[in-house]
Amino acid sequence: MNKIAKTIAEELNVKETQVESAIKLIDEGNTIPFIARYRKEVTGGLSDETLRNLGERLNYLRNLEQRKEEVVKSIDEQGKLTDEILQSVAIAKTLAEVEDIYRPYKQKKKTRATVAKAKGLEPLANIIIEQKETKPIEEIAKEYINIDKLNEEEKKNKDKVVSTAEEAINGALDIIAENISDNPKYRKEIKRQCYREASIQTKNTKDEKSNYEMYYDYQELIKHIPSHRILAINRGEKEEYLKVKIEKPEEKILLYMEKDIIKGETQFTQMLKETILDSFKRLIEPSIDREIRADLTEKAEEKAIKVFGQNSKQLLLGAPIKGKTVMGFDPAYRTGCKIAVIDETGKLLDYTTVYPTEPQNDVENAKKELLKLIDKDKIDMIAIGNGTASRESEMFVSDMIKEAKRDVHYVIVSEAGASVYSASKLATEEYPDINVSIRGAISIARRLQDPLAELVKIDPKAIGVGQYQHDVNQKKLAESLTGVVEDSVNKVGVDVNTATPSLLSYVSGINSTIAKNIVKYRDENGKLKNRKELLKVPKLGKVAYEQCAGFLRIFDGDNPLEITAVHPESYEATEKLLKSLGFNKEDLRDKQKLEELKQKLKTINIEKTAQEIGIGEMTLTDIISELSKPGRDPREDMPKPILRSDVLKLEDLKEGMILTGTVRNVIDFGAFVDIGVKHDGLVHISEMSDKYIKNPSDIVSVGDIVKVKVIKIDKERQKVGLSMKC
């Protein structure tokens, strides 16, 4: 354990004691959100992101230790374990290194070398590799001819027969070639040289236009190639547009092995040179290529998954639009635009289908019908999905709202995954009598009202903010995104009396069964009045209660502390704190007293007060923060969506124009920004700042509102280049 904790502490640049404490909490079954929020004293304040990285590394390193034990045991059972092997296994840092050490001792399938060994040619191989014998090797090899010693039945088995001296020598050299290829020292050095000097080369396999044209004759050093290019090359190869090769420093590699194997000029020199070349070309190179490509892909996927997670988190934590009646507008051509009106509580008021786009172009009737709905339902905002026919719909809405009696704005909303939700079992349960196509419009409207509550209903992979999400390891992507959703939901907190089972199931300590049981209990018994009542919910025991209680909010309940993230275990300390300041918990309901309390909280001596009321300083700091803003939604600090009332066409753009846009996606090489034209514009990483930027996500996040300058317009390809240097 200490060794693993020490390794993780060095990697994450935190104290070993912090890692040991976190591991203990994880092993006891505590969730990451719970540890990050309510066990800061124990972990020294490790964040949810650090704790997730810690959990991943813990899992990998434990698997590594287990594999090391299996390998040592297997080699020992063969009677071949040495101190040198034990030492090599002990210092190995990756599973690949351990497998390289184990390679010579693995049970092999039939190879040229195993056939040669079965013919009894291993002693001859040893003579050649030792390079001491002065007697001509052809003479020695004759001693291994066995055809005259075999009976007629044995002669039929070609794998047993040695007919000539040449055959014996070739068999012995096959054994040497395999031994060279199995040597972990050589494989380690070859990989090291490749990572320093090798390059990836790509050539086209088809003479036709494609997304991969930049790779039709391309070369880049492995150590410099960014992850998005690796994933692009992999996809191009998979779609059979590209042929990929790793160009290695072959001469250097061969020279290194020759120096180590060949002992001066002897009768064996030339045959050993040829054997080293054969071993490299036939046995080492193909597997090294596979390992390097797999390693590069794994690292690129990790990066892509991380980017996807960061983008998803920003999208999930988008600012909610509260207290507004919203019209969801799901654009389409032939099948018509689906419309759903949602009141400020998310309840469906009206729905219809209109046909203002191609091929019907029934603009007048569509306008008449929607203006009637705007008036009848007192609509404040229109959320337009950003998919097919989005810009044509935007132009229609922009014209239509000019004639509305009310002040109405529209917002472009990401509709990624809306169709996945529409056809889901969950959507059927929520709206059994509503057509699948209308459910998409409901989802689009609700995303504007409360992005988190709506997006948790969709498989995180379908949210669609990242790069190459369909090419990466789907299991790792799903695990990472589930963690992102959990962290987001628990950061915001959940109203236990209004939350859907989908939202509740992401709360720390609550699974889908408990989530459904909470809703069922609520339906049968009415609103929960306090957190303690959660213990009456079937299957929600003391352990789950400890994990979830602080993240669940009860508004208008028995205890005003329960609209905050203060955990029940800290109620006593919180009340002591309030009493020491001349207040009580009921004062949280009184606006005037709350203002007085806020001022008093600013004057607290954290160190002294923490000792007096018997809690940790970090916990006290969190309690003070919660009492200063009881019931406040942390998403209120996030950028609000841009409200539009007019549309911008690509033809309206001119180079040098300064516009305001919303960041829709952040990728390795920049960010896509919605500036109100049909396609999002690209801010390349080089146009984000005058300073050097390693990662675009250091500068922008999904949902950010940014000022951009138009620097390039490609009307033919409908592409816009933007700069944030304005």
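A cavity, on a 1 Å grid over the protein atoms alone, is a set of points where a 1.4 Å probe fits but cannot get out, and its lining residues have an atom within 4 Å of a point. Grid points are joined across faces, edges and corners, and a volume is the space filled by probe spheres set on the points.

This is a predicted model, in which local features need pLDDT of at least 70 and side-chain atom pairs count only at pLDDT 80 or more, while totals for chains, interfaces and linings use all residues. Residues are numbered from 1 along each chain as its sequence is written, and side-chain values use heavy atoms, with hydrogens and water left out.

View 1. A search of the whole structure finds one cavity of 30 Å³ or more. The space in the largest cavity is about 30 Å³. Its lining consists of V307, Q310, N311, V666, I667, N695 and S697. Helix α16 (269-316) and strand β11 (658-667) each supply at least two of the lining residues; helices (H or I, at least four residues) and strands (E, at least two) are DSSP runs, numbered from the N terminus. The largest contribution to the lining, three residues, comes from α16. Sorted by class, the lining has three nonpolar, four polar and no charged residues. In this sorting Ala, Val, Leu, Ile, Met, Phe, Trp, Tyr, Cys and Pro are nonpolar, Asp, Glu, Lys and Arg are charged, and the others, Gly among them, are polar.

**View 2. The whole protein chain.** The chain has 30 helices and 15 strands. Its C-alpha atoms fill a box of roughly 105 × 70 × 55 Å, taken along the principal axes. Of the 726 residues, 49% count as buried. Buried means under 20% relative accessible area, exposed over 50%, and partly exposed in between, with a 1.4 Å probe and protein chains only.

**View 3. Helix α21.** This helix covers residues 436-449, 14 residues in total, and reaches 21 Å from its first C-alpha to its last, close to the 20 Å expected at 1.5 Å a residue. The expected span is 1.5 Å times one less than the number of residues. Of the 14 residues of α21, 12 are buried, and the helix is mostly covered. Among the buried residues are I438, I442 and L448, as well as R439, R446 and R447.

**View 4. The ring pair of Y186 and Y256.** Six aromatic pairs are counted in the model. Rings of Phe, Tyr and Trp (its six-membered ring) pair if their centres lie within 6.5 Å; planes under 30 degrees apart count as stacked, over 60 as edge-to-face and the rest as tilted. The ring centres of Y186 and Y256 are 6.0 Å apart and the planes stand at 85°, so the pair is edge-to-face. Because Y186 lies in helix α13 (residues 184-197) and Y256 in helix α15 (residues 250-261), the pair ties together parts that are 70 residues apart in sequence. Y186 is buried at 5% relative accessibility, whereas Y256 is partly exposed at 23%.

**View 5. The ring pair of F329 and F396.** Here the ring centres are 6.3 Å apart and the planes are at 45°, so the pair of F329 and F396 is tilted. The pair links distant parts of the chain, with F329 in strand β4 (residues 326-330) and F396 in helix α18 (residues 390-401), 67 residues apart. F329 is buried, with a relative accessible area of 0%, and F396 is buried too, at 6%.

**View 6. An aromatic cluster and two cysteines.** F34, Y38 and F551 form one aromatic cluster. The count of disulfides is zero, a disulfide being a pair of cysteine sulfur atoms within 2.5 Å. C194 is buried at 0% relative accessibility, and C548 is buried with a relative accessible area of 0%.

View 7. Most residues other than glycine have a negative phi, and most peptide bonds are trans. A cis peptide bond joins E358 and P359, with omega at about -5°. P359 lies in the loop between β6 (348-354) and α17 (363-377). A389, a residue other than glycine, has a positive phi near 65°. This alanine, A389, sits in the loop between β7 (381-385) and α18 and is buried, with a relative accessible area of 4%. D556 also has a positive phi, near 55°. The loop that holds D556 runs between β10 (552-553) and α27 (571-580), and D556 is exposed, with a relative accessible area of 64%.

Methods. On a 1 Å grid over the protein atoms alone, a cavity is a set of points where a 1.4 Å probe fits but cannot get out, and a pocket is an open set with protein on both sides within 12 Å along at least five of seven lines; lining residues have an atom within 4 Å of a point.
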